[in-house]
Amino acid sequence: MPQPIRDFIANTGIVDVHEHHMPEILLNRDVNLLQLFQQSYAGWTQARPYTLPSERRDSDPMLVAPGPTTWEALAPFLVKSGANSFVRNLVCAITELHGAGEGTITRQNWEALDASVRQKHQRPDWCREVLRRAGIEQLITDPYSDPLLDARRALGDNYDSVVRINAFACGWHPESRDHNGNNALSLLRRLGLNPTSFHDYLAALEQLVDGMASRHQVALKNALAYDRDVAFDEPDEKLARQAWGKASPSPAERKAFGDLVVDRLCRLAGERDLPMQMHLGTAILRGSHPMKAAGLIERHPRTRFLLMHLAYPWSRDLLGMAFVYRNVWLDLTWSLLLSPSHFKLALHEAIEMLPDESRMMFGGDNWHVEETFGTMKLARQLVGEVLEEKLVAGYFSGEDAQRLAEKILRGNAISFFNLGSKTNSLPENK
């Protein structure tokens, strides 16, 4: 008899393909309970960290230093938004790691939890301990505050990172920046590159990609859904060139510049067998439908696209694309946090319709390790529940369920990102 599927999942390591672990947060020793909420998806219940086209902001609320923890500061999360899934996940993780597993934060226990958070984050080994307890073997992080970060050098030997390409798609002028405040020419200068013409700029992009391995960067990341729509049209080089050097190009010139840069980077990724991650769904909502990216995917059949977040709220459209386009894989990241019930339904359908078992993987998409811990625990629970339901329905055998679980949790990610021997033996998961 095969091992019960939930036990099998509990004892299988995870390769986490998407985090936002970055030095200024992960290595910070001055962390309190309020900060865990503000720098998490629970924080999104109070304020979106990105702007819509009609909005402006002075700073990213995810990266602003919080004040001291008080009940009054926690109450908006715990009382006003206490039913939200982001909040529930974080509360469960915090109380398990810093409390007695009581599953709730109240006026009676918040001070003790805050003291534990502050004390444990003073320990240099705390983050590594939490990741070990989560059963995570390897992590891939998107440190969007520094797209050139060598995460293995900065955070530890179980990290790799991705290059977020947004700044380069907005790099038409020395002062132009993406929504994270990154400037393409400044980033290129750090690599010893100083393009002074449009032709030089495109050549620099190739050098950027060719240097990724030296920085332990395993993929490119397109998060332009936070800057513009994701309809990347056939490149119009003449129009794109007209944006170069302008402080305020026309909307058509800006779009053409971004379209060409993204198209060029997708071509380079295909030639070098590098994945291209792509944020879909939410963000600038009217422009992030997955079908808007269909033309880009069709133009680059050699490029392996990892489409993210189940493109919520258009998950069925995304599954249809993943069936039709055989250069599409799915990163289930974040969707399980947004709505566990929707995630289960989508996972059932994905198991039934995807062309092969290699197509799914997931990550935490978090800033602090406490939220990552909770996300991995929730992922194990939900994947286990779906596979159990499939077993009860007689859809497949126990051996089938175990094989698929291992692929979703780790095997697919190892193959897709060519991680090979980088993964470690299973750490403790309890």
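1. Start with Thr282. This residue sits in the loop that runs between β5 (276–278) and α14 (294–299). The model is predicted. Thr282 has a relative accessible area of 16% and is buried, because the cut-off for buried is under 20%.

2. What does Thr282 contact, leaving aside neighbours within four places in sequence? The partners are Tyr50, Ser288, Tyr312, Trp314 and Trp334.

3. Next, the nonpolar cores. In soluble globular proteins, nonpolar side chains tend to be buried together. Here the largest nonpolar core holds 113 residues. Those with the most contacts inside this core are Phe168, Tyr201, Leu220, Leu265, Leu307, Leu347 and Leu387.

4. Phe168 deserves a look of its own. Residues up to four places away in sequence are not counted here. Phe168 then touches Val163, Ala184, Leu187, Leu188, Tyr201, Leu205, Leu208, Phe257 and Val261. A second core is separate and has 19 residues. Among them are Ala42, Ile94, Ile105 and Leu113.

5. Now the charged pairs. Side chains of opposite charge can pair when their charged atoms come close. How many salt bridges does a search of the whole structure find? The search gives 31.

6. One of these joins Glu137 and Arg410, at 3.0 Å from N to O. Glu137 belongs to strand β2 (residues 136–141). Arg410 belongs to helix α19 (residues 398–416). Are Glu137 and Arg410 buried or exposed? Both are buried.

7. Asp259 pairs with Arg228 in another salt bridge, with the closest N and O atoms 2.7 Å apart.

8. Asp356 is at 31% relative accessibility, so Asp356 counts as partly exposed. Arg359 is at 6%, so Arg359 counts as buried.

9. Finally, a network. Which residues are linked in a network of salt bridges? They are Glu206, Asp210, Arg267, Glu271 and Arg272.

Definitions and conventions: Residues are numbered from 1 along each chain as its sequence is written. This is a predicted model: local features need pLDDT of at least 70, side-chain atom pairs count only at pLDDT 80 or more; totals for chains, interfaces and linings use all residues. Side-chain values use heavy atoms; hydrogens and water are left out. A nonpolar core is a set of buried Ala, Val, Leu, Ile, Met, Phe, Trp, Tyr and Cys residues joined through side-chain atoms within 4.5 Å. Buried means under 20% relative accessible area, exposed over 50%, partly exposed in between (1.4 Å probe, protein chains only). Contact means heavy atoms within 4.5 Å. A salt bridge is a side-chain nitrogen of Lys or Arg within 4 Å of a carboxyl oxygen of Asp or Glu. Helices (H or I, at least four residues) and strands (E, at least two) are DSSP runs, numbered from the N terminus.
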